[in-house]
Structure formats: structure tokens, C-alpha cells
Amino acid sequence: MTSDTTEIALARTLQPQEVASVLTRVAEIRPRVQCLTNTVAQNLTANMLLAFGAIPSMAIHVDEVAAMAEGAGAILINIGTINAESELAIPKLLEVARDHGKPVVFDPVFVELSPLRRHIAGQVLRLPDILVRGNTTEMAALSVDLEAAKGVTRVTTGKVDRIENESASFSVAHGHPLMTRVTGIGCAAGALIAACCAVEANKAVAAAAALTAYGIAGEIAAERCRGPGSFEVELIDAVAAMDAATLAARMGT
Ligand SMILES: Nc1ncnc2c1ncn2[C@@H]1O[C@H](COP(=O)(O)OP(=O)(O)O)[C@@H](O)[C@H]1O
Ligand SMILES: Cc1ncsc1CCOP(=O)(O)O
Ligand SMILES: [Mg+2]
């Protein structure tokens, strides 16, 4: 058996009540997620966090991101539209994360396409215990760096999401192909994972819970929409309406 096969064989799916438990804590605690994200996905990310019961803060100024992150429950760093100022803001966020023990989700958007993105990813991955969420292309491009990263949780999204770290391995087989037809849906997934990391110390469980709820919301939205435009609206609505009964019904237990 190859190591890949072993990992897949050992991966488990969360039970509906495990997902519901994480979602309930998000709804009760309403964690704020400080998002340094790309200009394309900012609005959808903020709306998805609100629908999920969390609080978005989208501050980007290099001289205030640290203050904004200090009181946040989690930090999202997304390099989708990295520029000279956001490049300088990233180390400030990493410092807050290190000093205050904040969970960080890193989205290495298009890291395979530019040396600058690769360089920044290398810097970010020096932070111990970081969670990296990317699509299959991005995660493959970072595979060597991810192998070396200390305590990293790797979250590879796609038709089936794979979540793995030193102590756990989960797969999530929910979602809909329409999730690839609206820009920013992957970026928003990273924000929901960050919200769950703010209330659940086990980062693999947090990611699996977020992606299970998100994937099921995607399935519901696909049933209700007329195409990609209305899918985005329906997805926000389905995330907002997600509850334990829907999870149990859709997860088949
Ligand atoms: N073919 C697919 N079928 C079902 N869900 C998918 C599919 N592709 C992606 N998803 C879902 O879409 C979301 C975004 O993932 P992905 O498309 O990999 O990210 P990105 O937008 O960053 O490329 C994830 O929640 C993932 O589970
Ligand atoms: C199109 C685009 N270009 C730079 S960032 C971005 C958004 C990417 O969003 P996602 O990876 O969630 O589709
Ligand atoms: Mg992406």
C-alpha cells in the first residue's frame, strides 16, 4: 500500500453532531476573523462569515493590521491580490499570531504562478501550526515546503476535500461543481475554516466541520439556483440556514 493510499484509507468523515458542535460554538461565540484577503473575494468573504455567525474584519493597512488582529479569534492571510503594502502587513500578522497564539489560515492563491508568491508562502510557512487551505494545484506547488512546515495542517479542496496533519486525517465529499464557477468561493472557505479554528483547538476538526457545512450548503444552493449568479446568493442563504437537522439529513445518519 502506498503512503497516499494509507492516508486516504485512514481519513474519516466527521459525524453530523461533531459538525453541529463546532457550528454551535461559532454561533454562540461569534468569533471575529481578521482577514487580509484579496480585493476580488473581500465582499463575498465578509458576507459568508456573517452568514456563518462570525464577524468579519477586513483591515489591510500595514500600520493597523496588528492592532486589528490582537483581539481577533483567528487570522486569515490570502495572497490573491498581494501588493507592496499587503506584503508588509503579512509579517505583522504573523508576529501577532506568534505572540498571542492566534490560529492562522493561509490561502496561497496562484502560488504556482509567480516567484513573489512562492517567496511569501515560504515566509508564512515558517509559522508553526499554521493551517494552509488551497486547491490541488496550489497545494501541489507547495508540497516540498509543506513537508518541512512544523505542525502544519494541510487542507486541499476540490471534489473531495482532504484535511491532514500529524494527528488526524479527514475527507469531505460534499459540495457542487458550481462552487468552481463563482470567484472567491475557495477564498471564503478559508475564512469559514478560520472561524471554526477560533472555537475548536483541533484544526483538522475545525477545517472538516467548516468544509462539511460549506459543501452541504453548496449542494442546497445548487438545487435552488438558476446559474452561477443566483448560486452565490443561494450559497450565502444556505450557509446562514445551516443547522443540526440539515446536517443530519444531508449526511445520511
Ligand atoms: N468538483 C467539485 N465538486 C464539489 N465541490 C467542489 C468541487 N470543486 C471544488 N469544490 C468545493 O468548492 C470549494 C472551493 O474549492 P476549490 O475550488 O478547490 O478552491 P479555489 O476556489 O481556491 O480553487 C470547496 O468547498 C470545495 O469543496
Ligand atoms: C480571480 C482572482 N485573482 C486574484 S485573487 C482571485 C480570486 C480567487 O478566488 P478563488 O480562489 O476563491 O476562486
Ligand atoms: Mg483559491
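Colleague: Which residues are around ligand 2 in this predicted model?
Modeller: Counting a residue when its C-beta atom, placed from the backbone, lies within 6 Å, you get Asn-38, Val-40, Ala-41, Gly-80, Thr-81, Val-109, Thr-183, Gly-184, Ile-185, Gly-186 and Cys-187. Residues are numbered from 1 along each chain as its sequence is written, and chains are lettered from A and ligands numbered from 1 in the order written. As the model is predicted, local features need pLDDT of at least 70 and side-chain atom pairs count only at pLDDT 80 or more, while totals for chains, interfaces and linings use all residues.

Colleague: How many of that shell are nonpolar, polar or charged?
Modeller: The shell has 6 polar residues, 5 nonpolar and no charged ones. Nonpolar is Ala, Val, Leu, Ile, Met, Phe, Trp, Tyr, Cys and Pro, charged is Asp, Glu, Lys and Arg, and the others, Gly among them, are polar.

Colleague: Switching topic, where does UniProt put "binding site"?
Modeller: The unreviewed UniProt entry has it at Arg-133 and Thr-157. They are spread over 25 residues of sequence yet cluster in space, with a largest C-alpha distance of 7.2 Å. Those positions use the numbering here, the feature name is shortened, and the annotation may be inferred rather than shown by experiment.

Colleague: Is Arg-133 buried or exposed?
Modeller: Buried, because it has 30 C-beta neighbours inside 10 Å; 20 or more is buried, 12 or fewer exposed, in between partly exposed, with C-beta atoms placed from the backbone.

Colleague: And Thr-157, buried or exposed?
Modeller: Thr-157 is buried too, with 27 other C-beta atoms within 10 Å.

Colleague: What does Thr-157 touch?
Modeller: Leaving out residues up to four places away in sequence, Thr-157 touches Arg-133, Asn-135, Gly-186, Ala-189 and Leu-211. Contact is C-beta atoms, placed from the backbone, within 7 Å.

Terms used: Contact = placed C-beta atoms within 7 Å.
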